[in-house]
Amino acid sequence: MSGTLGFVVDPVVDAQRRRDLRQMRMVATGLLVVAAIVYVLTRGHEDGLLGFVNAGAEASMVGACADWFAVTALFRHPLGLPIPHTALIPRKKEMIGRSLEEFVGENFLHEEIIRERVLDAEPTRRAAEWVLTDHHARRLVNEVATVGAHALHRIPDSDVQAVIEQAVLPRLMGEPISSLAGGLLEQVVRDDSHAGLVDLALDEGSVWLVANEDLFESLITQRAPSWVPDALNDLVARRIHTEALKWLADIRRDPRHDVRIALDKLLTDLADNLQHDPVTQERAERLKERWLSHPQVSVTAMSLWQSFRGVAIAALEDVDGPVRARGIEEVTRLAQRLLDDQALRDRIDGRISDAVVYGVQRYGTELTRVISHTVDRWDGRETAERVELQVGRDLQFIRINGTLVGGLIGVLIHAVSIAIP
């Protein structure tokens, strides 16, 4: 539970600490009272054994009182008197916060220390070992898939549509694409990446001609002169159909066919014009603007997004589906490779340490400043009470030790005073 000033408060634990603090105070104060009683009872006996007891009791009272003052002065004014340099924690909490901030920054957020700690921890090896034990790979993939599906469910269509209409389309509308499209087209032709698309078009054309022979022939005969006999029209149409199939097959079979070369030349010229010809560029931009300003573009984009989201959610939510199975396989394979490849682990650990060091160097000051800002928000009195509750019991041992050590020193001084005439 959090207190009013940000302190973490546990009533049960605090009650136990208060009991322990009271008990130790009673022990320390009891020793002081015993020393005072012994001193009073042995007062006037300066010789013999009682002289040593009296000297020890006197020194015990001095040590007990001095240490009581020192311990009390940390948290409050002794006896309520505004003695200088007392109540240190309530008065100096801002300075304590600054000191803690500097201490953490200088001793914990130093580049060499952080890099050494990250490399010693071997995060890559530990992560790989964790993945390969106790079906953690499946658990990891299931968690990621569940979170991904949940995130897709929670994205409102209205937000996606707003992004498309207010960010994507206006950006595309204002961004010239002629040079970009021309450079991309030039690279596609140079790498012959369009050959597969051309082959697909030829195959689909051949399939359509075979499946629609009657339709193709009727289109041919409809455009024939009316005075030509029907039999001759049918013969010519079948011949054209056959030649069209052969022509498509020749193009499909020959990578250096004249049609392919002509198409490549056309695409090359178009790519060059898109990059260097102002007229072509202007036409391309106008076509882009006409296309993007059409209302159907936004509708189509939303339809594509909804289809993609539906397919993605279904794939992610299928516990035994191929997406999760492939994810588990890839995660396991990666983890095994990391365990087998020391050099790869070292490189990844190095990158992790670089990232951590960068984050600390960039945001370390803000992190350590949290300490001083938090301490500044604390009330001085409550701060002293909380600190005393945490460490006050142990500080009572200072009083106890002061009483005992003071008594021993008193006995030693008394012995020296007797030994020296």
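**Note on the predicted model**

1. Confidence. The chain of this predicted model has a mean pLDDT (the predictor's confidence in each residue, from 0 to 100) of 85, and 95% of the residues score at least 70. Helix H5 (residues 123-131) has the highest confidence, at 93, while helix H3 (residues 88-107) has the lowest, at a mean of 73. Helices here are DSSP runs (H or I, at least four residues), numbered from the N terminus.

2. Ground rules. Local features need pLDDT of at least 70, side-chain atom pairs count only at pLDDT 80 or more, and totals for chains, interfaces and linings use all residues. Residues are numbered from 1 along each chain as its sequence is written, and side-chain values use heavy atoms, without hydrogens and water.

3. Helix H1. What span should H1 (residues 11-41) have? The end C-alpha atoms of H1 are 44 Å apart, which agrees.

4. Buried side of H1. Asp 14, Leu 21, Met 24, Ala 28 and Ala 35 are buried (under 20% relative accessible area; exposed is over 50%, partly exposed in between; 1.4 Å probe, protein chains only). Their cover includes helix H2 (48-75) and helix H17 (380-419).

5. Leu 232. This residue is found in helix H11 (residues 230-253). Leu 232 counts as partly exposed because its relative accessibility is 42%.

6. Arg 326. Helix H15 (residues 322-340) holds Arg 326. Arg 326 is exposed, at 52% relative accessible area. Its C-alpha atom is 88 Å from that of Leu 41, 285 residues away along the chain.

Notes
Helices (H or I, at least four residues) and strands (E, at least two) are DSSP runs, numbered from the N terminus. The expected span of a helix is 1.5 Å times one less than its number of residues. Contact means heavy atoms within 4.5 Å.
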